[in-house]
Amino acid sequence: MSSGDTQSVFRCAVVSVVKHAYVPNGVVKHPRFDLVVVCDDEDQPDWVHERNQFYADERGIPYVRNIEQAIAEHDVQVAVISSEAERHCELAVRCAEAGLHVVQDKPMSNRVSECDRVVEAVAEHDVRFMMWNRNFLPALVEAKRVIDEGWIGRPYAFHVDFYFAKDSGPARGSRGPDEPPIDWLERQIEAHADGSDGGVGVDPMGELKIEGIYPLAYIQYLSGSRVERVYARTTAHFHQANFDNDVEDLATVTLEMEDGVIGTLCIGRIGAASHPDIGEIKLHVLGEAGGLVISEARPEVSVYYRNQPQFEFRGRRMAIDLDYQLMDDFAAAIDSGSGGILDAATSRDIAATVQAAVDSGKSGRVEAVV
Amino acid sequence: MLKLGLIDSGSTPESDWQAAADRLADVTIVDADSADAVLVAGVDRANQAVADGRHVLLVSGSVADSAEAARLETRESTVVMLAATGRFQPSIQEVAAVNAAGTLGPPGLLRIHRWVTGGRQVAPADLADQLDLANWLFGTLPEDVYAVRRGETGSYLHVHLGFPGGGMTLIDVATTLPDGEDYYCLSLIGGDGSAYVDDHHNMHLVYAGGHPEGVQAGEGVAGLVSLLQEFAAAVAGNRTVVPGPSDLVAALKVAEAAGRSIEAGEPLRLDETGDGYELG
């Protein structure tokens, strides 16, 4: 379904905003998108309603405890979903069935079968879907340009280091043997205060599921190739919550892709002490005529001063146009009826790659991506 | 004074060995005939030197496989040391020092990119130096080895290792860079901290029209100085030295497991003897 009017403003419903608010905040960086209502289901727990209400108050828009009612009464065309991961796809399907285009926070889901439902729903109802991603960060745009202009020849190997230098509760081994396992949801709710609650939900998720979409989307964006086979090593190396819930906080993944292209991923939530800023995030690309080394953080400015808080980033990213470009791409996708930067089918393939990596980490074998 | 003869210097120019020796009071470069220690390539030359009663520095990458490396002869009165220049690079020494001191906590993830020119096939011996670094930093052999090779020429090889306790390593070696300088990058993520050795950061910029050019901030011959210091100290103290023949054998066994993994398309696991690798 295309908008037919390339100047029209899309009225957006924020469909649950229990995690970071960066997705709805990013959506309105583009003048063609306006947030008009926050909504969720009545039967959600109190902490969900409290966060939704808080965001609605912050934005000065109503909070409606009935999603279908909010859609009907507020004339919305776009849903912005930032719920717990296990609800993402169910909400996306309901919104697509109501004829809304969907912008969704990561991960797409913690189950590939749920992703399949979204792919089917957006196709059946002819609406556009975008997974939130970082492909328009300045460094990625530059990497894409260098590759597309042929500076390194045909690229054949893509490597991404994606480390978040954040803590996540008690360090592994720091609790006594008689202490009970850390409850995943309680820990994630607590983590909202410092923004490290990307894994919020009932089902525990490791770093591959929480953050894997970003680096894997980089590889997909730059290579255009699908992943066929995966070999991974995973471990809970840093955080007791991950160890107690049997989900990884450190992983390495080998990706065997179409046309003999090779990819690798190093990913981890490696602790705040491990890097002066958000973490080392880097791309290494080999082509038949050269190589490319990209620091995702650049351009940045270094800032140091007396009494600087210990964990304040010394390197500050700048000239970031990500939010606007993502939404500009999404507006163009709606206008033209095309797929966009990270549509449902591509996102589903990435979720399947993540699942294969998690499975490989458990089985110790090479896993096919299906 | 250790008199060192340079019979084969491998990929490191003789002038660099000379420059390194010039910085040491107890090492001098002499003609091979009058040397009491020699830098040689290959097992046969090393064994001949040992038979002649000479100490041996064995050129890195000059032994094709673990069976050949196992033929390296040693005697109590002679020192046989692997000239593993990687271990002695100042940047890698810094990483190894904080790792050994426990500053980084238990090692979790080692990542190495080694990209060179030439386009030749990447052989197991080309991997051995980097695999030796992984074995050294984790302090043991990997328990899982998986590898993929690309292209008919085999000019690119990627190895994925799993170590006991959940540690992991990714190493890729490419020979596909165009003529010019090599690229090297190593990072080690530990439980309490991390260390990054990176050409990307250690780069000066030259503006001479058009795009600026990067000029590597080189580490000079400091690594060779450290290597010769260790060799000379081992000779003077008549003690065993690290890295020695067993480290070379271990690295080549992992490299051979990588080769078998490529053929099988599956990972290999350390067998019950702890001395070899087998499928699945």
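This report describes selected helices and backbone features of a predicted model.

## Helix 12 of chain A

Helix 12 of chain A comprises 20 residues (344–363), and its first and last C-alpha atoms lie 28 Å apart, close to the 28 Å expected at 1.5 Å a residue. Because 15 of its 20 residues are buried, helix 12 of chain A is largely enclosed by the rest of the structure. Gly364(A), with a positive phi near 75 degrees, follows helix 12 of chain A.

## Packing of helices 6 and 9 of chain A

The axes of helix 6 (residues 138–148) and helix 9 (residues 213–223) of chain A come within 10 Å and cross at roughly 30 degrees. Angles under 35 degrees count as roughly parallel, and these two helices are therefore roughly parallel to each other. The crossing is right-handed.

On the helix 6 side of chain A, the contact involves Leu140(A), Ala143(A), Lys144(A) and Ile147(A), which meet Tyr218(A), Tyr221(A) and Leu222(A) of helix 9. By class, this contact has six nonpolar residues, one charged residue and no polar residues.

Most residues other than glycine have a negative phi, and most peptide bonds are trans. Ser16(A), in strand 1 (residues 10–17) of chain A, has a positive phi of about 70 degrees. Ser16(A) is buried, with 27 other C-beta atoms within 10 Å. Asp259(A) also has a positive phi, near 60 degrees, but counts as exposed, with 11 C-beta neighbours inside 10 Å. Asp259(A) lies in the loop between strand 9 (250–257) and strand 10 (262–269) of chain A.

A cis peptide bond joins Arg298(A) to Pro299(A), with omega about 10 degrees; Pro299(A) belongs to the loop between strand 12 (290–295) and strand 13 (300–302) of chain A. In chain B, Val242(B) and Pro243(B) are joined by a cis peptide bond with omega about 5 degrees, and Pro243(B) lies in the loop between helix 7 (222–237) and helix 8 (245–264).

How values were computed
Residues are numbered from 1 along each chain as its sequence is written. Chains are lettered from A and ligands numbered from 1 in the order in which they are written. This is a predicted model: local features need pLDDT of at least 70, side-chain atom pairs count only at pLDDT 80 or more; totals for chains, interfaces and linings use all residues. Helices (H or I, at least four residues) and strands (E, at least two) are DSSP runs, numbered from the N terminus. The expected span of a helix is 1.5 Å times one less than its number of residues. A residue is buried if 20 or more other C-beta atoms lie within 10 Å of its own, exposed if 12 or fewer, and partly exposed in between; C-beta atoms are placed from the backbone. Axes are lines fitted to C-alpha atoms, for helices over the stretch in contact, and angles run from 0 to 180 degrees between N-to-C directions. Angles under 35 degrees count as roughly parallel, over 145 as roughly antiparallel, 65 to 115 as roughly perpendicular and the rest as oblique. A crossing is left-handed if the near helix is turned anticlockwise from the far one by less than a right angle, and right-handed if clockwise. Two residues are in contact if their C-beta atoms, placed from the backbone, lie within 7 Å. Ala, Val, Leu, Ile, Met, Phe, Trp, Tyr, Cys and Pro count as nonpolar, Asp, Glu, Lys and Arg as charged, and the others, Gly among them, as polar.
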